[in-house]
Amino acid sequence: MRFPIPVFLFSLIIFTAILAVKRQKHTAKQEQANESFLERERQANATRKKDISNLDYLAFTSKRLPVAEYSDGKLQEYEAVLTNLSNQKIINLSQYSNTDLKLMYGPANFNDLSKFDENYHMLADTLFAYARRQSKLERTDAAITILEYAMELKIDSSQIYLLLAKLYHAQNTPEKIQLIIDTVSSMDESFAFLVLPKLNASHTAG
């Protein structure tokens, strides 16, 4: 005597089969992606060294900052970092992967380029910390000078632009926030997408 297969058991068999097929496809795609990555790495490591002397390095100088205008230990720490960065090459390469950089400029330049990119992020972090410390010391004009210079350099740190907008409000000049909005709008699209809504809200509130 033959018994019918219960509906739930039949459904379980079908589901298991579908899951197995999907897992197999995912594994195949993952293997293909790994092979593609390894091939790009092989090509990257075989790339000849390129000239990197004429890249779009950031023209930063600490002479544009209110250095040594006020005696404060924290300010002096930030000023020492910024003065040192004035003599370094600085460039933002965060949009590229390590493999991209080696393919573009050769593995022989990778360590130098990584250092120049680290300099950029150190600059962004230090400028923000420097301005925030000035603000806490009620040196609003000095803080604004720092942040406006960072804006001129188009540093892609949202904290810089949001703090500048806050200080413009504190000085009763919210109309200047439009300058920040215009600058951010001209920067990387993904960065602008994240920052503009907050700036527009701040501008409207003013």
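User: Which residues does Ile-155 touch, not counting residues up to four places away in sequence?
Analyst: Ile-155 touches Leu-58, Tyr-120, Leu-123, Ala-124, Leu-127, Ala-150, Ile-160, Tyr-161 and Met-187, with residues up to four places away in sequence not counted. Contact here means heavy atoms within 4.5 Å. This is a predicted model, in which local features need pLDDT of at least 70 and side-chain atom pairs count only at pLDDT 80 or more, while totals for chains, interfaces and linings use all residues. Residues are numbered from 1 along each chain as its sequence is written, and side-chain values use heavy atoms, with hydrogens and water left out.

User: OK, and how many residues has the largest nonpolar core?
Analyst: The largest nonpolar core has 41 residues, and those with the most contacts inside it are Phe-60, Leu-127, Ile-155, Tyr-161, Ile-180, Val-184 and Leu-199. Such a core is a set of buried Ala, Val, Leu, Ile, Met, Phe, Trp, Tyr and Cys residues joined through side-chain atoms within 4.5 Å. Buried means under 20% relative accessible area, exposed means over 50%, and partly exposed is in between, with a 1.4 Å probe and protein chains only.

User: Which residues are buried in H7?
Analyst: In H7, the residues Ile-177, Ile-180, Ile-181, Thr-183 and Val-184 are buried. They lie on the same side of H7, because they cover an arc of only 165 degrees around the axis; the arc is that of the directions from the helix axis to the C-beta atoms.

User: And which are the buried residues of helix H3?
Analyst: In helix H3 (residues 98-105), the buried residues are Thr-99, Leu-101, Lys-102 and Tyr-105. Seen down the axis of H3, these fall within an arc of 160 degrees, so they line one face of the helix. Just after H3, Gly-106 takes a positive phi of about 90 degrees.

User: Which residue has a positive phi of about 65 degrees although it is not a glycine?
Analyst: That is Glu-138, whose place is in the loop between H4 and H5, and which is exposed, with a relative accessible area of 72%. Asn-172, also not a glycine, has a positive phi of about 60 degrees; Asn-172 lies in the loop between H6 and H7 and counts as exposed at 66% relative accessibility. As background, most residues other than glycine have a negative phi.

User: Switching to loops, where does Lys-49 lie?
Analyst: Lys-49 lies in the loop between helix H1 (7-45) and H2, and is exposed, with a relative accessible area of 60%. Not counting residues up to four places away in sequence, Lys-49 touches Tyr-105, Gly-106, Ala-108 and Asn-109. Lys-49 and Pro-107 are 58 residues apart in sequence and 6.9 Å apart in space, C-alpha to C-alpha.

User: What about Lys-50, at 37% relative accessibility: how does it count?
Analyst: Lys-50 counts as partly exposed, and it lies in the loop between H1 and H2. Leaving aside neighbours within four places in sequence, Lys-50 is in contact with Leu-103, Met-104, Tyr-105 and Asn-109.

User: Last topic: which residues lie nearest the centre of the largest pocket?
Analyst: Of the 18 residues that line the largest pocket, Asp-56, Asn-92, Gln-95, Tyr-120 and Lys-154 lie nearest its centre. On a 1 Å grid over the protein atoms alone, a pocket is an open set of points where a 1.4 Å probe fits, with protein on both sides within 12 Å along at least five of seven lines, and lining residues have an atom within 4 Å of a point.

User: How do the residues of that lining divide?
Analyst: The lining of the largest pocket divides into 11 nonpolar, three polar and four charged residues. For this division, Ala, Val, Leu, Ile, Met, Phe, Trp, Tyr, Cys and Pro count as nonpolar, Asp, Glu, Lys and Arg as charged, and the others, Gly among them, as polar.

Notes. Helices (H or I, at least four residues) and strands (E, at least two) are DSSP runs, numbered from the N terminus.
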